[in-house]
Amino acid sequence: MGRLPVDVRASLRLFAFYLANGTIDADLLDGFDYRSGLFQFGSSLEQVFAIYGNVLEVGPDGEVLNEGEAQYRAAQWIRGYCDPSYRVEPPFHAWETELHGP
């Protein structure tokens, strides 16, 4: 099995950096300190990364094609998790929130 392309690894690294710093999609999550609730339980953090990874598209040469969209969809889930009055539009498809692995 090969390694993830450099562009994908860089995208994941930046996503984790923004998530940990509380700066992922600042427009959508402005004023929401999601970190305390999100990082307290592993399953919510796992869901954020699952959405990001499921939405992320990679081109034939390993380049990331939609980093902003993947971050935005993850940010929408975070906003809904922290703010029950927020409605995700469009609603998530099952494939976006699917957890993979053993």
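Predicted model: local features only at pLDDT ≥ 70, side-chain atom pairs only at ≥ 80, totals over all residues.
Residues are numbered from 1 along each chain as its sequence is written. Local features need pLDDT of at least 70, side-chain atom pairs count only at pLDDT 80 or more, totals for chains, interfaces and linings use all residues, and side-chain values use heavy atoms, with hydrogens and water left out.

**The core**

In soluble globular proteins, nonpolar side chains tend to be buried together. Here the largest nonpolar core has 21 residues. Such a core is a set of buried Ala, Val, Leu, Ile, Met, Phe, Trp, Tyr and Cys residues joined through side-chain atoms within 4.5 Å. Buried means under 20% relative accessible area, exposed over 50%, and partly exposed in between (1.4 Å probe, protein chains only). Leu19, Val48 and Ile78 have the most contacts inside the core. Two or more core residues come from each of α1 (6-21), α2 (26-29), α4 (42-55) and α5 (67-82). The largest share, 5 residues, is from α5. Helices are DSSP runs (H or I, at least four residues), numbered from the N terminus.

Leu19 shows the packing. Leaving aside neighbours within four places in sequence, its contacts (heavy atoms within 4.5 Å) include Leu38, Val48, Phe49 and Ile78.

**Two helices**

α1 and α5 pack at an angle of about 35°, with their axes 11 Å apart. Axes are lines fitted to C-alpha atoms, for helices over the stretch in contact, and angles run from 0 to 180 degrees between N-to-C directions. Ser11, Leu14, Phe15, Tyr18 and Leu19 in α1 meet Glu67, Gln71, Ala74 and Ile78 in α5.

**The rings**

Rings of Phe, Tyr and Trp (its six-membered ring) pair if their centres lie within 6.5 Å; planes under 30 degrees apart are stacked, over 60 edge-to-face and the rest tilted. The count comes to 4 aromatic pairs.

Phe15 in helix α1 and Tyr52 in helix α4 are 37 residues apart, so their pair links distant parts of the chain. Both Phe15 and Tyr52 are buried. Tyr52 counts as buried because its relative accessibility is 0%. By contrast, Phe17 is partly exposed at 46%, and Tyr18 is partly exposed at 28%. Phe15, Phe49 and Tyr52 form one aromatic cluster.
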